[in-house]
Amino acid sequence: MVNLNFKTDRPLDLIAVGRLAIDLNAEQINRPMEETRSFTKYVGGSPANIAVGAAQLGLQCGFIGKVSDDQMGRFILRFLEEKNIDTSGVAVDQTGAVTGLAFTEIKSPEDCSILMYRDNVADLKLDPSEVSEDYIKKTKALLISGTALAASPSREAVFLALEYARKHDVVVFFDLDYRPYTWTSDKETAIYYNLAAEKCDVIIGTRDEFDMMEQFEREKKTDQETARKWFGHRAKIVVIKHGSQGSITYTKGGRSYTGGIFKTRVLKTFGAGDSYASVFIYGLLKGWEIPRAMEYGSASAAIVISRHSCSEAMPTKAELDQFVKTAEKVNP
């Protein structure tokens with residue numbers, strides 16, 4: 001087991017930083033968005049989903065972010081509070097910024113897409129002055145998400161949060177969460193992702209996301225080479241996801257673990273990564289061995305992609321235990 005040195009005397013288990021948004025998931029499935037008439041509203045955004053998933057499992061979670069000063073912003077705050085997530089680190093925008101919207105299209109279980117509205121969004125206006133050092137030193141772990149690096153002042157706020165985390169021995173998780181439409185160019189993305197990843201203890205992403213980060217390298221890296229690169233900085237664990245082929249977790253001590261997936265009734269493809277991350281983080285905080293954290297992460301992903309929402313679909317520990325016991329697992 002990798003010793004991540006979580007400080008056990010702190011009141012919060014996890015603080016997430018970044019995107020708070022609204023998901024509008026199509027109610028008419030198996031058809032294009034042009035023919036969709038109605039949507040169901042949920043709280044969304046990768047770090048929000050991960051925090052909700054972790055809280056659903058019983059972790060004490062908080063959030064650092066920014067919401068719009070309107071009905072959508074209040075909807076988000078109310079939902080987080082209902083999920084027992086501390087919102088004292090969430091600021092309310094006063095500039096007229098809006099909440100980001102994600103309209104989801106479910107043409108088939110294999111053909112899903114997201115139409116994003118991200119102009120003048122409140123979450124990217126999080127200012128460094130709204131990141132509290134006293135708040136961060138109350139947590140065992142900090143989660144950052146790549147989308148929050150896409151623009152200033154949110155970008156600087158994330159780097160300040162990273163500095164506070166390093167100062168107070170907070171374990172940092174980096175969920176890469178690469179959304180091309182949020183960025184000016186993939187080169188800009190790679191630069192800031194690399195700068196952030198150098199400061200993180202656990203890095204979780206897809207093979208494509210790591211490839212984006214490594215675009216300045218002379219040759220394409222293997223999974224092992226990617227992991228070794230980050231072990232040369234601060235990382236102790238690197239998780240590389242391969243979709244339906246499962247995932248591989250590497251540790252700085254030279255171990256690697258391959259995880260499979262579970263068979264499930266697939267309704268949609270989005271939400272799997274967030275649910276996996278929430279349970280993987282939960283497992284590490286609870287002292288689980290990495291293979292168990294991976295297995296339960298895959299189980300959570302299988303459950304969430306069978307349900308209509310992401311945030312509200314996050315399973316309880318009892319649901320995960322039952323699913324792992326009864327569902328059919330597919331090893332890579």
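Reply: The largest pocket is lined by 49 residues. Thr269, Phe270, Gly271, Ala272 and Gly273 lie nearest its centre. A pocket here is an open set of points on a 1 Å grid over the protein atoms alone, where a 1.4 Å probe fits, with protein on both sides within 12 Å along at least five of seven lines; lining residues have an atom within 4 Å of a point. This is a predicted model: local features need pLDDT of at least 70, side-chain atom pairs count only at pLDDT 80 or more, and totals for chains, interfaces and linings use all residues. Residues are numbered from 1 along each chain as its sequence is written, and side-chain values use heavy atoms, with hydrogens and water left out.

The volume of the largest pocket is about 1300 Å³. That is the space filled by probe spheres set on the points, with grid points joined across faces, edges and corners. By class, the lining has 19 nonpolar, 18 polar and 12 charged residues. Ala, Val, Leu, Ile, Met, Phe, Trp, Tyr, Cys and Pro count as nonpolar, Asp, Glu, Lys and Arg as charged, and the others, Gly among them, as polar. Helix α8 (residues 272–285) gives the largest share of this lining, four residues. Helices (H or I, at least four residues) and strands (E, at least two) are DSSP runs, numbered from the N terminus.

Now the sheets. Two strands pair if DSSP finds at least two bridges between them. β4 and β5 pair in the parallel sense over six bridges. Gly65 stands opposite Val90 in β5. The chain crosses from β4 through α2 to β5, and this β-α-β crossover is right-handed: with the strands pointing away from the viewer, the path from the first strand over the helix to the second runs clockwise. Further along the sheet, β11 (residues 237–241) and β12 (residues 247–251) run antiparallel, joined by five bridges. Val238 stands opposite Tyr250 in β12.

A four-stranded open sheet has the order β3-β2-β6-β7, again with mixed pairing. β3 (39–44) and β7 (111–117) are its edges, each with a single partner strand, so one side of each is left without a neighbour in the sheet. β2 (residues 21–26) runs antiparallel to β3, with six bridges between them. Ala26 stands opposite Phe39 in β3.
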